[in-house]
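This report describes one protein chain for a reader who has not seen it before. Please look over the sequence and the model first.

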Amino acid sequence: MQVLLEQVINGLSVGAMFALVAAGLALTVGVLRVVNFAHGDLFMVGGYVFYYTYSVFGVPYLLSIPLTVAVMVVFGGVFERLVIRQVVERSWRVQLVATVAASTILNNGMIARVGSLSRTASTEFSRTTVEILGTTLSWQRIIILGGTLLTFLGLHLFLTRTRTG
């Protein structure tokens, strides 16, 4: 039973990350009316930015997170200006071609830069565990689940309680 509960929590934390990516894609398509097939690649770039910031350059974990967010805000702004802005008023077919091309460039660019092997960034939160209901869980999984819930709560409040939303 402990193994089952542990796998459920692990599945939920991985699913939470996919849910965040899916929410961003849904907002992009639903609100902006832009088909962005490079959306997942931007998530990949953010993962590598965090990996290099934390694991390679040795920036502390709690500083690596906002630094990664700041880098990705700039990267996203450049991506929007170079790709999205050029096709936002065009048909979905043009958007598809442009963003698939951008996806290919991002994917192959990362392979050329860092190789095709996956990287992991072992943090103090992934190494530290807590026992809940007889099951050992890493704090990283708990933080991912809590952060996802808070993000979706904030998104819900933004969309339902603000004029912009």
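Gln2 is part of helix α1; helices (H or I, at least four residues) and strands (E, at least two) are DSSP runs, numbered from the N terminus. The model is predicted, and local features need pLDDT of at least 70, side-chain atom pairs count only at pLDDT 80 or more, while totals for chains, interfaces and linings use all residues. Residues are numbered from 1 along each chain as its sequence is written, and side-chain values use heavy atoms, with hydrogens and water left out.

Because its relative accessibility is 47%, Gln2 counts as partly exposed (buried means under 20% relative accessible area, exposed over 50%, partly exposed in between, with a 1.4 Å probe and protein chains only). Leaving aside residues up to four places away in sequence, Gln2 touches Gly134 and Thr135, where contact means heavy atoms within 4.5 Å. Gln2 and Thr136 are 134 residues apart along the chain, and their C-alpha atoms are separated by 8.4 Å.

## The chain as a whole

The protein chain has 6 helices and 2 strands, in the order α-α-α-α-α-β-β-α from the N terminus. Along the principal axes, its C-alpha atoms fill a box of roughly 55 × 40 × 30 Å. Of the 165 residues in the chain, 27% are buried. Among contacts between residues at least 6 apart in sequence, 61% join residues at least 24 apart.

The chain exposes about 10,800 Å², and carbon and sulfur atoms supply 69% of this area. Accessible areas come from the Shrake-Rupley method with a 1.4 Å probe; for residues, only the protein chains shown count as cover.

## The largest nonpolar core

A nonpolar core is a set of buried Ala, Val, Leu, Ile, Met, Phe, Trp, Tyr and Cys residues joined through side-chain atoms within 4.5 Å. The largest one has 14 residues, of which Val45, Phe79 and Leu106 touch the most other members. Helices α2 (39-56), α3 and α4 (92-114) each supply at least two residues of this core.

Not counting residues up to four places away in sequence, Phe79 touches Asn36, Ala38, Leu42, Ile84, Ala102 and Leu106.

## Helix α6

Helix α6 covers residues 139-161. At 1.5 Å a residue, its 23 residues should span 33 Å, so the 32 Å between its end C-alpha atoms agrees; the expected span is 1.5 Å times one less than the number of residues.

Which residues of α6 are buried? They are Gln140, Ile144 and Thr148. Their cover includes α1 (2-30), α3 (61-87), α5 (124-127) and β2 (135-138).
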